[in-house]
Amino acid sequence: MKSYSIALIPGDGIGRDVTAAAWSVLETATKHAGFALTGTEFPWSCKFYKDTGRMMPEDGIETLRGFDAILLGAVGWPAEVPDSVSLHGLLLPIRKAFVQYANIRPHRLLPGVTGPLRAEGFDILCVRENTEGEYSGAGGRVHQGTLDEVAVETSIFTRAGVERILRFGFEQARTRNGKLASVTKSNAQKYSMVFWDEITRKLAADYPDVEVTSYHVDALAARMIMAPESLDVVVASNLFGDILTDIGAAIQGGLGYAASANINPDRSAPSMFEPVHGSAPDIAHLGIANPIATIWSGAMMLDHLGEKAAAGRVMKAVEAATARGIGTIPGKDRTEAITAAVVAALT
Ligand code: GGG
């Protein structure tokens with residue numbers, strides 16, 4: 001029987017709660033499906049950092065390279081480790097080393113879920129550039145602690161990086177409703193964002209079947225709230241994509257429903273699947289985190305592995321649970337109850 005090796009990195013806080021939940025759903029989904037998942041857990045987290053001085057071992061990337069996919073929970077424990085240290089020590093190096101340049105984040109309402117903004121009738125796929133831009137980690141500080149102190153953070157946009165993410169966005173639009181929103185702030189940022197707009201226009205010629213519109217990020221943010229049904233695929237830089245997908249999460253009911261996939265489209269290295277949310281230390285291990293975003297991310301992992309029928313069954317089970325009102329009201333159902341409802345719908 002075919003078996004896929006999955007690296008499990010629960011990470012910090014509710015990351016541990018939601019990965020355990022998602023894993024039990026995924027294991028159920030493999031029963032009688034003709035394939036198996038073999039999970040290997042890695043304790044890489046802020047606790048690991050406190051114990052060892054690193055978020056993952058020196059050979060962590062090489063260790064992960066041998067897996068078919070990575071399922072990650074959440075990273076961060078700001079009371080103990082600065083968020084910039086935990087993010088740059090684990091999540092970002094994995095995305096970069098494995099050329100997971102496309103971070104895809106779907107935003108739609110599950111049956112029975114009403115977002116706080118009561119938006120309806122939308123189905124948006126955000127495609128976030130995931131390896132460069134504002135997250136490049138290039139910069140520095142001088143004259144620290146004085147009034148002359150300067151902090152510089154350089155955004156890096158390469159032609160190869162911008163072209164490949166825009167092509168990915170165009171391709172996604174082609175398989176959906178044929179509409180692409182390309183997001184910049186090119187009135188204010190006259191080098192990198194004008195560059196992005198130019199490449200958008202150049203590539204548009206290769207995709208005459210896709211209707212492409214360029215938006216400034218502020219206007220697109222407002223549109224996601226006021227008229228989300230007018231959007232299909234949204235492609236944005238690393239930071240803009242991160243911010244817009246929190247808005248996407250809000251209109252779909254909250255971060256508990258926001259799934260994501262860090263995709264290496266060439267399949268030259270493993271892709272990584274994780275909920276959009278962070279570690280939520282305030283509710284860690286209370287048994288009340290919503291596992292749906294991680295279960296949905298797990299379904300995206302099955303889809304990426306080629307197990308499309310099983311991925312579809314997981315999403316149908318999630319929808320069956322939420323249609324019954326399970327997991328639709330924040331704080332009402334416990335993690336265990338939501339997980340059990342999804343597992344029951346699968347069996
Ligand atoms: N579930 C992944 C996670 O912990 N994300 C926390 C976070 O702050 N991520 C930043 C980012 O994706 O840019």
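How many bridges join strand S4 (residues 102-108) to strand S5 (residues 123-129), and do these strands run parallel or antiparallel? The legends below take up this question first, and they describe a predicted model.

**View 1. Strands S4 and S5, with the helix that packs on the sheet.** Seven bridges join S4 to S5, and the two strands run antiparallel. Within this pair, Arg108 stands opposite Asp123 in S5. Helix H8 (residues 238-251) packs on the sheet, where it touches S4, S5, strand S8 (179-184) and strand S10 (233-236), and the direction of H8 makes about 155° with that of S5.

View 2. Ten strands form an open sheet with mixed pairing, and their order is S2-S1-S3-S12-S11-S4-S5-S10-S8-S9. Strand S2 (35-41) and strand S9 (211-216) each have a single partner strand and therefore stand at the edges, so that one side of each is left without a neighbour in the sheet. From one strand to the next, the twist averages 25°. As background for reading this view, strands of a sheet pair through backbone hydrogen bonds, either parallel or antiparallel.

**View 3. Strand S12 and its two partners.** Strand S12 (residues 271-275) is mostly covered, with five of its five residues buried. Both of its faces are covered, for Ser271, Phe273 and Pro275 on one side are buried, as are Met272 and Glu274 on the other.

**View 4. The shell around the ligand.** The residues around the ligand are Ala74, Val75, Gly76, Leu87, Leu91, Asp242, Glu274, Pro275, His277, Gly278 and Ser279. Helix H4 (83-97) and S12 are the elements that give two or more residues to this shell. Sorted by class, the shell has five nonpolar, four polar and two charged residues.

**View 5. Two loop residues with a positive phi.** Most residues other than glycine have a negative phi. Arg118, although it is not a glycine, has a positive phi of about 55°, and its place is in the loop between S4 and S5. Ala280 is likewise not a glycine and has a positive phi of about 40°, and its place is in the loop between S12 and helix H9 (292-305). Is each of these residues buried or exposed? Arg118 counts as exposed because it has 7 C-beta neighbours inside 10 Å, whereas Ala280 counts as buried because it has 21 C-beta neighbours inside 10 Å.

**View 6. Val150 in strand S7.** Val150 lies in strand S7 (residues 150-156). Because 10 other C-beta atoms lie within 10 Å, Val150 is exposed. When its neighbours within four places in sequence are left aside, Val150 is in contact with Arg141, Val142 and His143. The C-alpha atoms of Val150 and Gly256 are separated by 38 Å, and these two residues are 106 residues apart along the chain.

View 7. An unreviewed UniProt entry places the feature "domain: Isopropylmalate dehydrogenase-like" at residues 5-342. In the model, the end C-alpha atoms of this span lie 23 Å apart, and the span is 41% helix and 23% strand.

Methods: Residues are numbered from 1 along each chain as its sequence is written. This is a predicted model: local features need pLDDT of at least 70, side-chain atom pairs count only at pLDDT 80 or more; totals for chains, interfaces and linings use all residues. A residue is buried if 20 or more other C-beta atoms lie within 10 Å of its own, exposed if 12 or fewer, and partly exposed in between; C-beta atoms are placed from the backbone. Helices (H or I, at least four residues) and strands (E, at least two) are DSSP runs, numbered from the N terminus. A residue is near a molecule or strand if its C-beta atom, placed from the backbone, lies within 6 Å of it. Ala, Val, Leu, Ile, Met, Phe, Trp, Tyr, Cys and Pro count as nonpolar, Asp, Glu, Lys and Arg as charged, and the others, Gly among them, as polar. Two strands pair if DSSP finds at least two bridges between them. Axes are lines fitted to C-alpha atoms, for helices over the stretch in contact, and angles run from 0 to 180 degrees between N-to-C directions. Two residues are in contact if their C-beta atoms, placed from the backbone, lie within 7 Å. UniProt positions are given in the numbering used here, feature names are shortened, and annotations may be inferred rather than shown by experiment.
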